[in-house]
Amino acid sequence: MANLDTEPKWYILHTYSGYESMVKESLLRLIENNNLSDSIVDVKIPTEQTIEEKANGKKKVVERKLLPCYVFIKMVYSNQLWYLVTNTRGVTGFCGPQGRPIPMKEDEIRKMRLEERVADADFQVGDRVSIDNGPLEGFIGVIRELNESAQRARVNIVMFGREQDVEVEYIQMQKISETAVEIPAGEE
């Protein structure tokens, strides 16, 4: 049980509106000034790039926060760290009962794309996968090609009645066990 307490986990911090970047910078300074790099491993604000059209017709790529007022922190929880983090300017508290943090689950971490790499990626060419995140969420396909260094796969899916190869990141897909998949007659 003691081993579980020393492993860093992802937690969610609630911040004042518009303070997300300031909170992240303050936490990074806190880590550096107090030598907490072993206790607080990562701080992230999940963002996505969208294309916005201006009044003059020009298109511009804009980076937007996926969840305004929230900052994600990967840390080894302790009462001392709770005190330091919650007393950071702009932080209203951890998300959880009475402000006590609850670690995020693996599927939540994957969907929020907090982890850049998939440690246990055991994908092989020919595996059936479901796409659980991104614009192709809900599609099921077959892996045609793997790129381990980029952690991406070329997956063949059926879209609008046609087969289409698409590129998907490992963190966006999940392997489907062969026993769980039912293929309707005539679609093989």
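**Notebook: strands, hairpins and a helix**

I began with R154, which stands opposite E167 in strand 10. This is a predicted model, so I kept in mind that local features need pLDDT of at least 70 and side-chain atom pairs count only at pLDDT 80 or more, while totals for chains, interfaces and linings use all residues. Residues are numbered from 1 along each chain as its sequence is written, and side-chain values use heavy atoms, with hydrogens and water left out.

Entry 1: I looked up how strands are named: helices (H or I, at least four residues) and strands (E, at least two) are DSSP runs, numbered from the N terminus. Two strands pair if DSSP finds at least two bridges between them. Strand 9 and strand 10 (residues 162-169) are antiparallel and pair over eight bridges. Their hairpin has two residues between the strands, and F160 takes a positive phi near 55° there.

I then turned to strand 8 (residues 140-147), which is joined to strand 9 (residues 152-159) by six bridges, again antiparallel. Here I143 stands opposite V155 in strand 9. Four residues lie between the strands of this hairpin, where Q151 has a positive phi near 55°.

Entry 2: In which order do the four strands of the open sheet come? I found 2-5-1-6, with antiparallel pairing. Strand 2 and strand 6 are the edge strands, as each pairs on one side only. Three bridges join strand 1 to strand 6, and H14 has G93 in strand 6 as its bridge partner.

**Entry 3: helix 2.** I checked the length of helix 2 (residues 20-33): at 1.5 Å a residue its 14 residues should span 20 Å, and the end C-alpha atoms are 20 Å apart, which agrees. The expected span is 1.5 Å times one less than the number of residues.

Which residues of helix 2 are buried (under 20% relative accessible area; exposed is over 50%, partly exposed in between, with a 1.4 Å probe and protein chains only)? They are E20, V23, S26, L27, L30 and I31. They sit on the same side of helix 2, because they cover an arc of only 140° around the axis (the arc of the directions from the helix axis to the C-beta atoms). On the other side, E32 and N33 are exposed.

Helix 2 lies across strand 1, strand 2, strand 5 and strand 6, at about 165° to strand 2.

Key
Contact means heavy atoms within 4.5 Å. Axes are lines fitted to C-alpha atoms, for helices over the stretch in contact, and angles run from 0 to 180 degrees between N-to-C directions.
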